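This report walks through a few places in one structure, taking them a topic at a time. Please keep the sequence and the model in view while reading.

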Amino acid sequence: MVSSGMMFVFLFFALFLASQLALKTPKAKNTALLVFSILFYLWCGPGYALLLVGMTGVTWFFGLLIQAAAPGQKKARLGAALVILLGLVVFFRYRGFLASVTHSLLDIPETVPQLILPVGIAWYSLMMISYLLDVYRGTIRAETSFPQLLTYTSLFHVAPGGPLVRYADLRKPLARRRSGLSALSRGISRFSIGLAKRTILAESLMTLSGSLLVSDPTVLSRQPALALWLGLLAYGLAVYLTLSGYADMAIGLGNMCGFSYPEEFDYPFTAYTIGDFWSKWQMTMIGFFKDYLHDPLGDVDGSAAKEIPLMLGLWLLIGLWLGAGWNYVLWALYFFLLLALETYVLWRPLSKLPWNLRRVITLVLVLISFLILRFAGTGNTLTAAKGLLCMGGGLVSSAFLSTLLNNLPILLLGILATTPLGKKLRAFLSEQAASGGPLMVVDAIWEALHPVVLLILAAMAMTGPTTNPFLFFQF
């Protein structure tokens, strides 16, 4: 597995980049992009590639039908397309989850099948649906070229982990894109930072979290409160750095190819309200549900009686989209409750608190939510929650202090990576370097060396025993 991951990063990506640099015309670049994307899915499994191509065929066919339909027929054709696409998503992604529900209620089936989720289906299905809805709305014209649409839906560096790119934003760049040295340099830097976040910081923090938020309920009940809080912080940082690292890698590869993808994260751990947190976390996914479901169905006066049921339905859908399991549904419902309270009950007293205190409260509430994900299906959530309140192993222990000191550097780096401080320092250095002098040399050395150093460190981390070399983690 480790050698496979190394080969994927340093051979597959290198060959792909070489193809984009060597080929001159957008048509040739797009052909190479499509070939590498299909190879990616074939690498993961032939069935994944067949499912992607089949769902894209449905999307392409119904896009043309919707565009050609009379006004009274468009909605019916859109509905038929959505039923087919969502039916395929339910069958391939939620079959096991639904079987577990019927098994627990009706004892049917006798055994719940253990299924492997299709790679990328959570993202490329939303890309297809957004395309069809935009054709239905008249925002874009239906794509007549099936290979062109398949190039969009199969983007190997986007579909498995985001950001969610809409065809309306990618259609023109696909036809006219040009990648210069500036975009290439920017893309390599962004890719190397994302890979380092994923393989160095996230892996180390996930290991730290696992040593503190243990699965054994007896050991967990004896953990001191500060150890549990540290483990929860490490777990939350690891999840964020994993997801944002993948987004950085995708955006960086897009820059190398001449694309400009939307940002997926905007330092959500600096949010001062839960609403602000979700305006900064997986922004393209939240934007999809807002633009295509909330806004068309919502009420302009924003009354609680109409808004809360809509919010509940949307958050149930978001939870199911995030993963096929009750823990994701509960995680989403937790945030629905917080948002409803924040918006309709507590907004006035919260607005009077100092903004730093509001940030601390928001961060604590967000970290608590990760208990639901960390202990999914183990029954340890309540045990850990009691321990966080000093109702288990006390407040602190010598073992905790030793763990904290041993992992302090990686913790500080992880925390720093969740803030815009590094970005601001980089912008300051570039601004000062523009005026010449020694800082211009420092800036040039940084630009040349940091991608190389980060790639070397990432390669070293990927050879570790705990590394998952598969790049696109399904959150």
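## An exposed alanine

In this predicted model, Ala-305 counts as exposed because its relative accessibility is 66%, and a residue is called exposed when that value is over 50%. Ala-305 belongs to helix H14, which covers residues 304-322. Along the chain, Ala-305 and Arg-93 are 212 residues apart, and their C-alpha atoms are separated by 33 Å.

## The nonpolar core

The largest nonpolar core of the model has 123 residues, and the element that gives the most to this core is helix H11 (residues 225-257), with 19 residues. The residues with the most contacts inside the core are Tyr-124, Trp-278, Trp-281, Phe-335 and Phe-370. As a general background, nonpolar side chains tend to be buried together in soluble globular proteins.

## Cysteines without disulfides

The structure holds zero disulfides. For Cys-257, which is in no disulfide, the nearest cysteine sulfur is that of Cys-44, at a distance of 18 Å, whereas a disulfide requires a pair of cysteine sulfur atoms within 2.5 Å. Cys-257 counts as buried, because its relative accessibility is 2% and the word buried applies to values under 20%.

## Two loop residues with positive phi

Gln-282 is not a glycine, and yet it has a positive phi of about 45 degrees. Gln-282 is found in the loop that lies between helix H12 (274-278) and helix H13 (283-297). With a relative accessibility of 4%, Gln-282 counts as buried, since that value is under the 20% limit.

Cys-390, although it is not a glycine either, has a positive phi of about 65 degrees. The place of Cys-390 is in the loop between helix H18 (381-388) and helix H19 (398-417). Here the relative accessibility is 41%, so Cys-390 counts as partly exposed, a term for values that fall between the limits for buried and exposed. Taken side by side, both residues have a positive phi, but Gln-282 is buried, whereas Cys-390 is partly exposed.

Definitions and conventions: Residues numbered from 1 in each chain as written. Predicted model: local features only at pLDDT ≥ 70, side-chain atom pairs only at ≥ 80, totals over all residues. Heavy atoms only, no water. Helix = DSSP H or I, 4+ residues; strand = E, 2+ residues; numbered from the N terminus. Buried < 20%, exposed > 50% of the residue type's maximum accessible area, 1.4 Å probe, protein only. Core = buried A, V, L, I, M, F, W, Y, C linked by side-chain atoms within 4.5 Å.
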